[in-house]
Amino acid sequence: MGEADAAESDAALVARMARGDRASASRPAACRSRVYCRRPMSAHVLSKASFLVAMAVVSCGGGAETAPPPSAPAPVPAPAPSPEPVASSAPPADSAATADAPPAAAPAEEAPAPSDAQRDIKYIQTPEGLRVEILGVKFVPKVEAVRTPAGFAVKVLVNATASEARTLLAPKAGPLAFAGSIKRAGKAEPETFGDERSGDGEQPLGEGTTVKLSREWPGKMKVQPLGNGDVLELDVALWGLGTSASDRRAVKQFFHVKAKVEKWKGSARVEVPPNMKGK
């Protein structure tokens, strides 16, 4: 038997040992093949047998345990929700009550100062002309266009009768104040003028008595009298009227005068102030 046959016998023996055929492997050398009885296994054969045994053990599951597959990465925890705002412990307002609540009252208009407040005025048309009643005083105005060397002037006369004692503010030019405009013939734009008060005199009105108030336009005002074709719009006011000196107020809408010159003839009449018509 050659070297190849011995190697093959040794390999068969190793295979039987791996299958558990311990009875055949443990029999005496005399009962085995002549190869094993005659000749021990060489070192080369033993090494090869050991390798085969190891392979058989691995294939039968006798080796090291297989490493478990890598576990999936742990899920990243979700961020904690932000804390909810703490509700107020106060009970909610009653929306119905709020809707039914009356709106806040609008602030009252500021009352004018006593010196600026307008007096109550009554206008009465009579056969004799216009009559004005203010604070228990009856005023009867009369006007007349007067020709002068410089042109036409307007003379204003007022009879004042008081049922109770009253007082008028009377500067140097008297209790009557003038302002207005002139539409000059041949000119498109009207010429305006105003009065200036000088002094703080007083004109008393006794109870049951009549006082005559007079003033002439233009007088000492810096304006020319009326010429042919001119039209005057004159507003007459009182500098002040009251029950006493501390109570006097200006009467700005006293009466209105309209005068004109046509063919060198002048005329004038008393009217209710434009802003006071219908009152």
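**Pockets of a predicted model**

Me: How do the residues of the lining of the largest pocket divide into nonpolar, polar and charged?
Reply: In this predicted model, the lining divides by residue class (Asp, Glu, Lys and Arg charged; Ala, Val, Leu, Ile, Met, Phe, Trp, Tyr, Cys and Pro nonpolar; the others polar) into 6 nonpolar, 2 polar and 6 charged.

Residues are numbered from 1 along each chain. Local features need pLDDT of at least 70 and side-chain atom pairs 80 or more, while totals for linings use all residues, and side-chain values use heavy atoms, without hydrogens or water.

Me: Which residues lie nearest the centre of the largest pocket?
Reply: A pocket is an open set of points on a 1 Å grid where a 1.4 Å probe fits, with protein on both sides within 12 Å along at least five of seven lines, and lining residues have an atom within 4 Å of a point. About 300 Å³ of space lies in the largest one, and of its 14 lining residues the nearest to the centre are Gly194, Asp195, Glu196, Lys220 and Met221.

Me: Which elements give two or more residues to the lining of the second largest pocket?
Reply: The second largest pocket, with a volume of about 220 Å³, is lined by 15 residues, and Ala177, Asp235, Val236, Ala237 and Lys252 are the closest to its centre. Its lining comprises 11 nonpolar, 1 polar and 3 charged residues. The elements that give two or more residues to this lining are β6, β10 and β11.

Me: Which residues does Phe254 touch, not counting those up to four places away in sequence?
Reply: Contact requires heavy atoms within 4.5 Å. With residues up to four places away in sequence left out, Phe254 touches Tyr123, Val132, Ile134, Phe139, Val158, Leu176, Val236, Ala237, Leu238 and Pro273.

Technical notes: Grid points are joined across faces, edges and corners, and a volume is the space filled by probe spheres set on the points. Helices (H or I, at least four residues) and strands (E, at least two) are DSSP runs, numbered from the N terminus.
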